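Please look over the sequence and the 3D structure shown here before reading on.

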Amino acid sequence: MSKILQNIEANAFLTAEEITLSKQFIEQGYCIIPVEDLAGLDKIRAEIVAHCVDLLKCAPPDDAGAFLNSIAERVGVAELNDFRLSVFEGVNRQPWLRPTYFELARTALQCLIGNELAMQRRVNLSIQLPGDDSSLLPIHCDVWDGDSPFEMVLWLPLVDCFKTKSMFLAPPEVNAEVQARLKEFRGRSTDDLFEEVEPHLIWIDIPYGNALLFNQNVMHGNRINVESETRWTMNCRFKGAFTPYAEKRLGEFFEPITLRAASRIGLSYELPDGF
Ligand SMILES: O=C(O)CCC(=O)C(=O)O
Ligand SMILES: [Fe+2]
């Protein structure tokens, strides 16, 4: 059994639900949960659709999901990144976006991380048109690239995501085995690394209405979307407010969102001097 799981079953301070979810997250490297606030999810998606309608000067659709799935009929690869950035800026201008995003998975985040959290200041938006190779994230771990190992990602599908219209993760035991001999891959391409783990990868099958929490310390990424619909997803990092930071700093990249009374008091306390 991995050291990370040691004694977790016997922990008398966690509830049975907390133990189950924690074990699942540690063993699989991810959990999929139904969002806790479906109206909040619909509001986020409607806001995104409204920005698209504005940019494209088209009629508001009856079916938000069908509209997003078929966006390739209206947006080409050449204009995709500018379009994505405009929608990203638009939705991130809404002061309710981050609290609403957090509410989608409040219980799971508090179970898996803690109740004093820091949240990324901007919620990322990713759009993968069918056949587009210009906006891919080849296999990686965020922690290899300046993220703290204490972070996790809340990844949110705005349309049903499956097969290559989704993302992949390496199972933690495969990740550990390959990572132990990662130097074999020095100077080789990320495709070599991908090919090594490909047979073991888990492709996340997740319908709209659910959220994915994943461990960014295990290898993950995406490939060309060869399904017929466009992938729309958001992602945002969370960590314990007082856990170590790496290159993504508190105040710049992260912001504390749920500091409690004792921490507020402690952070502003000054010992009297000369006493
Ligand atoms: O959305 C994806 O396909 C990958 C996302 C990712 O790498 C991340 O959020 O860290
Ligand atoms: Fe990543």
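## Terms and basis

A residue is called buried when its relative accessible area is under 20%, exposed when it is over 50%, and partly exposed in between, as found with a 1.4 Å probe and counting protein chains only. This is a predicted model, in which local features need pLDDT of at least 70 and side-chain atom pairs count only at pLDDT 80 or more, whereas totals for chains, interfaces and linings use all residues. Residues are numbered from 1 along each chain as its sequence is written, chains are lettered from A and ligands numbered from 1 in the order in which they are written, and side-chain values use heavy atoms, with hydrogens and water left out.

## Overall form

The protein chain has nine helices and 10 strands, where helices (H or I, at least four residues) and strands (E, at least two) are DSSP runs numbered from the N terminus. Its radius of gyration, taken over C-alpha atoms, is 20 Å, close to the 19 Å that the globule rule (2.2 Å times the number of residues to the power 0.38) gives for 275 residues, so the chain is as compact as a globular protein of that length. Along the principal axes, the C-alpha atoms fill a box of roughly 70 × 45 × 35 Å.

Of the 275 residues in the protein chain, 46% are buried. If a contact is taken as heavy atoms within 4.5 Å, then among contacts between residues at least 6 apart in sequence, 82% join residues at least 24 apart.

## The nonpolar interior

In soluble globular proteins, nonpolar side chains tend to be buried together. A nonpolar core is a set of buried Ala, Val, Leu, Ile, Met, Phe, Trp, Tyr and Cys residues joined through side-chain atoms within 4.5 Å. The largest such core here has 59 residues, and those with the most contacts inside it are I48, Y101, W232 and M234. Helix α2 (residues 38-56) supplies the largest share of this core, six residues.

Leaving out residues up to four places away in sequence, W232 touches a set of residues that includes I48, C52, L68, F83, L125 and L156. There is also a second, separate core of 12 residues, with C141, F168, V174 and M219 among them.

## The iron site

Which residues coordinate the iron ion (ligand 2)? The donors are H140 (NE2), D142 (OD) and H220 (NE2), at 2.1 Å; donors are N, O and S atoms within 2.8 Å of the metal (3.2 Å for Na, K and Ca), and as water is not among the atoms, sites may look incomplete. D142 lies in the loop between β3 (124-128) and β4 (152-157), while H220 is in strand β8 (residues 220-221), so this pair ties together parts that are 78 residues apart in sequence. D142 is buried, with a relative accessible area of 7%, and H220 is buried as well, at 4%.

S166 is placed in the loop between β4 and β5 (168-169), and at 0% relative accessibility it counts as buried. Its side chain reaches the backbone oxygen of I204 at 2.5 Å. Apart from neighbours within four places in sequence, S166 is in contact with W155, C161, W203, I204, N222 and R231.

N7, in the segment before α1 (16-28), has a positive phi of about 65 degrees although it is not a glycine, and N7 is exposed, with a relative accessible area of 61%. K57, in the loop between α2 and α3 (64-69), likewise is not a glycine but has a positive phi, of about 50 degrees, and K57 is exposed at 73%.

Key. Polar contact = N/O pair within 3.5 Å; in protein donor to acceptor, adjacent residues only side chain to side chain.
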